[in-house]
Amino acid sequence: AVSAVGYWLTSRWIPGLPRRGVGILSMVRFGGTLTLNRLVTYTAYNLEKILLGRYWGAAALGIYGRAYQLIRIPTENLNSAVGVVAYSALSRVQGDPDRIKNYFLKGYSLILAMTLPITIACAVFANDLILVILGPKWKDTIVIFRLLSPTILVFGLINPLAWLLFAIGMVGRSLRIALVIAPLVIVSYVLGLPYGPSGVALAYSAAMTLWLIPHILWCIHGTMVTFRDLLRAASRPFLSAVGAATIAIAAQFFYGGSLSPIPRLILGVGLLFSSYLWMLLY
């Protein structure tokens, strides 16, 4: 209620009584489709927690849930922060295909450049991250955390495509994609459920990784963006990430056993991000 009043005062507009014939129907249709899309994806991406709690109990659910929460922090925060600005900018130039393509590819490259080093850090430094953030009592979370780390990259690659679809009015396609993703990930949960939290995490990551290319091709089909454009936008971040990952893994091998978790994590993450930025920029 306070937020609504604040918006009204800021925009200097107070809603009045409903009237017919003011062009609201198209907005309601757009917003309704978008809401249904988010409801489907939210249900699909959280059903495994219900299954784990039902069949494996509170302890298994707690371990998986904590790993899932940590692994989703980077993508959720990056996508929500950058997405609001990107969607607004793309919507303003939706009538100019060249500009919307240029704007989207710049935003896509930016979000990928921020996602890749985080993915590598979670995969390479999973042990130290869990020990430092949660403590030694949560050591069973390490395996699940590492198994879920590929999903950071997958969501970093596919989430920005929603900006493009929404900005050019293709919310119907986005909903159809969500209706395909939902049964795909639910089947993966069921396949991995007999093997506990680790099995669910592995099956979920594998399903999302296999779905990556079909998802991208379906999203950009018939738009002004081509698959080659995406490869070109992703090439520099990917090459820089491979080089930085090699340096970080080699450093872990040489000094890993001689340091305690906190200095090892600080040194490893600092080396990873500094080498990544140097290769990306220069």
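In the predicted model, residues 24 or more positions apart account for 79% of the contacts (heavy atoms within 4.5 Å) with a separation of 6 or more. Numbering starts from 1 along each chain as its sequence is written. Local features were taken at pLDDT of at least 70 and side-chain atom pairs at pLDDT 80 or more, whereas totals for chains, interfaces and linings use all residues, and side-chain values rest on heavy atoms, with hydrogens and water left out.

The protein contains 10 helices and 0 strands, assigned as DSSP runs (helices H or I, at least four residues; strands E, at least two) and numbered from the N terminus. The C-alpha atoms fill a box of roughly 70 × 50 × 40 Å along the principal axes. Of the 282 residues, 43% are buried, that is, under 20% relative accessible area with a 1.4 Å probe, protein chains only.

The largest pocket has a volume of about 930 Å³. A pocket is an open set of points on a 1 Å grid over the protein atoms alone, where a 1.4 Å probe fits, with protein on both sides within 12 Å along at least five of seven lines; lining residues have an atom within 4 Å of a point. The volume is the space filled by probe spheres set on the points, which are joined across faces, edges and corners. The lining of the largest pocket comprises 29 residues, the closest to its centre being R38, T41, N79, N159 and A162. Two or more lining residues come from each of α2 (25-92), α6 (150-167), α7 (171-192) and α8 (196-220); α2 gives the most, with 16 residues.

Definitions and conventions:
Buried means under 20% relative accessible area, exposed over 50%, partly exposed in between (1.4 Å probe, protein chains only).
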